[in-house]
Amino acid sequence: MKKHEKKKLDKKKNQKLVVQTGMFITLILSILALILIFIINGLTFFLKNQSIKDNMYVNLMDVEDSIEKYTPDYIRQYIFENPEALLKGKDYTSKTTDTYETDPETFDRMLGQHITSEYFNGLSEEKKEFVAFNLFNFLFHDLLFDYNKHNFKELIIVDVTKENHGNTLIRLGKSSTSDDFKELYDYDDIIIDSHVGTKSDYVLNDHPAAEEYLNGSTNPYETEKLKINGEKITNIVAPIYENNELTYIISISFKTEKLTNSDTVRILARIVTRILIGIFITSILISIFLFSIIIKPLTKIKTSIMEYINEKDSSKVDKEMSSIKSRNEMGLIANNFRKLTAEIDHYNEENIALVQEREKIAADLSIAAKIQDDMLIKEFPDDKAFKLFASMTPAREVGGDFYDFFMVDDDHLVLIIADVAGKGVPASLVMMSTITSIRSYASLIDTPSEILKNINEENCSRNNIDMFVTVWLGILDLNTGILTTSNAGHEYPAININGSFELFKDKHGFVIGGMPGMKYKDEKIQLKSGDSIFVYTDGVPEATNSEEKLFGINRMLEELNKSPDSQPEDLINNVKASVDKFVGEADQFDDLTMLAVKYYG
């Protein structure tokens with residue numbers, strides 16, 4: 001997969017959770033909105049009707065309480081048996097300047113609602129009329145107060161024990177006035193006009209709810225909607241039983257429109273309250289749901305990441321992440337993080353082992369470098385016949401270049417510089433083996449070509465890793481100044497025999513270890529006092545700078561010829577400084593080895 005395609009795919013994966021969460025929340029809110037619409041419509045209808053009934057029931061109970069409070073059954077029975085008692089009681093009360101002073105004890109009992117049937121039956125007829133009138137008067141005023149407070153259209157208490165089923169105990173309201181139902185008959189007129197004990201305008205047979213009770217219905221309440229004189233009326237009717245017999249029917253009428261409008265605010269308040277509670281509960285449930293599938297797993301993943309950063313304990317991560325069972329992106333993230341920490345631990349273990357191995361190799365290389373360095377001669381002879389200096393700078397810890405020099409007898413100095421094809425430990429091993437072989441053969445054979453021939457045969461017989469060596473070998477006769485050399489694929493030496501350094505292009509033989517049976521040619525150079533020879537490995541001309549340019553043979557010769565008569569150490573140091581300046585910050589590409597000899601004879 002291409003890099004940009006992978007990046008695009010990863011971006012889509014990252015967006016997937018956000019998109020799915022957004023779609024999920026949108027779906028939930030849409031469903032919630034539909035549910036709320038149905039709930040609002042249902043509650044509006046149900047609560048509106050229920051509220052109307054509740055309101056009427058409350059008003060009805062107020063009326064029932066007033067009746068029971070002021071006209072218990074024995075008082076009502078007395079009134080219906082003696083309808084003129086109310087008029088006589090009124091006259092008796094009106095003749096007294098202070099009604100309270102007429103009979104303080106009885107009046108106090110009436111106010112405190114302590115008129116019992118025993119006490120009432122023990123009174124004189126005149127006082128019974130007095131009590132009946134005043135209690136009825138209290139009832140009338142109490143119902144009158146409820147009438148105004150609740151905006152009744154009409155309130156009638158009908159005696160159904162009478163034969164015509166139309167005699168009222170009390171009536172409030174004017175059926176003839178549809179617009180103004182706060183205006184009442186004066187209660188004196190009601191009593192004087194004998195509305196008690198006479199036939200009522202309220203016809204029971206015109207009301208289905210009342211007929212239900214007359215036919216033996218046991219329902220506590222009945223509501224009905226009527227249309228009287230073109231006006232919509234809502235009526236609530238309830239029975240009053242005495243001694244398990246239906247005695248009265250209470251009928252309370254309301255203007256339907258008035259009743260509906262009066263409850264609108266309360267109904268809406270209830271609906272809104274329930275909606276808000278529903279939204280609040282739904283929001284909590286959605287929040288809990290989102291918390292359980294997104295927030296809680298994310299928090300656990302975040303905590304696990306921080307703990308892993310601090311403790312590096314993948315077993316703890318594995319335990320925590322395995323507890324996240326979500327099948328969405330949270331579960332995927334948790335599972336991937338668990339795998340990642342396991343892989344990091346495995347990588348760290350491998351890395352620690354690798355670091356330990358590298359440290360071991362570094363230690364071995366350090367020892368190898370020390371051994372190699374010890375094999376190279378660092379103390380140069382101070383001889384009157386010659387001056388000599390050499391240096392080797394490996395590109396790695398150990399190198400494949402080497403130089404060597406030694407006297408095979410009092411008059412002959414052997415000079416060697418070589419370059420193993422390769423770097424590092426294998427090259428250094430081949431180099432040390434070759435040095436040992438050269439030293440051995442040089443003590444037995446006189447000519448450089450024969451030495452190289454024997455070394456080549458030996459290396460070819462044991463060269464299983466195809467590593468080759470270029471060698472320049474010279475033997476200087478200190479008495480005559482004749483330098484006999486042989487070259488096995490190495491760089492041309494630079495010789496100063498005429499006041500400046502020039503390349504001595506000797507005939508090259510094949511590299512050592514490349515092919516058995518090779519022959520090498522000896523070259524002779526006559527040195528006189530003050531002449532110098534400079535040999536080197538390919539690390540000098542092939543030194544490379546940051547622009548990939550080579551130092552080259554010409555720059556080397558230019559540097560040598562800046563002071564061609566300098567001592568060997570100065571020659572080498574000058575060339576080394578020139579190479580370092582040229583290379584600059586670039587890495588050293590190859591081993592850098594040089595050897596210089598100045599002959600005095």
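Of the 601 residues in this chain, 42% count as buried, where buried means under 20% relative accessible area, exposed over 50%, and partly exposed in between, with a 1.4 Å probe and protein chains only. This is a predicted model, in which local features need pLDDT of at least 70 and side-chain atom pairs count only at pLDDT 80 or more, while totals for chains, interfaces and linings use all residues. Residues are numbered from 1 along each chain as its sequence is written, and side-chain values use heavy atoms, with hydrogens and water left out.

Is Asn496 buried or exposed? Asn496 has 2% relative accessibility, so it counts as buried. Leaving aside neighbours within four places in sequence, Asn496 is in contact (heavy atoms within 4.5 Å) with Phe501, Asp531, Ser532, Pro564 and Asp565.

Next, the salt bridges. A salt bridge here is a side-chain nitrogen of Lys or Arg within 4 Å of a carboxyl oxygen of Asp or Glu. Side chains of opposite charge can pair when their charged atoms come close. How many salt bridges does a search of the whole structure find? The search finds 6.

One of them joins Asp382 and Lys387, at 2.4 Å from N to O. Asp382 is exposed at 67% relative accessibility, and Lys387 is partly exposed at 26%.

Another pairs Lys549 with Glu547, the closest N and O atoms being 3.7 Å apart. Lys549 is partly exposed at 46%; Glu547, at 55%, is exposed.

Lys562 and Glu559 also form a salt bridge, with 3.1 Å between the closest N and O atoms. Lys562 is exposed at 63%, whereas Glu559 is buried at 12%.
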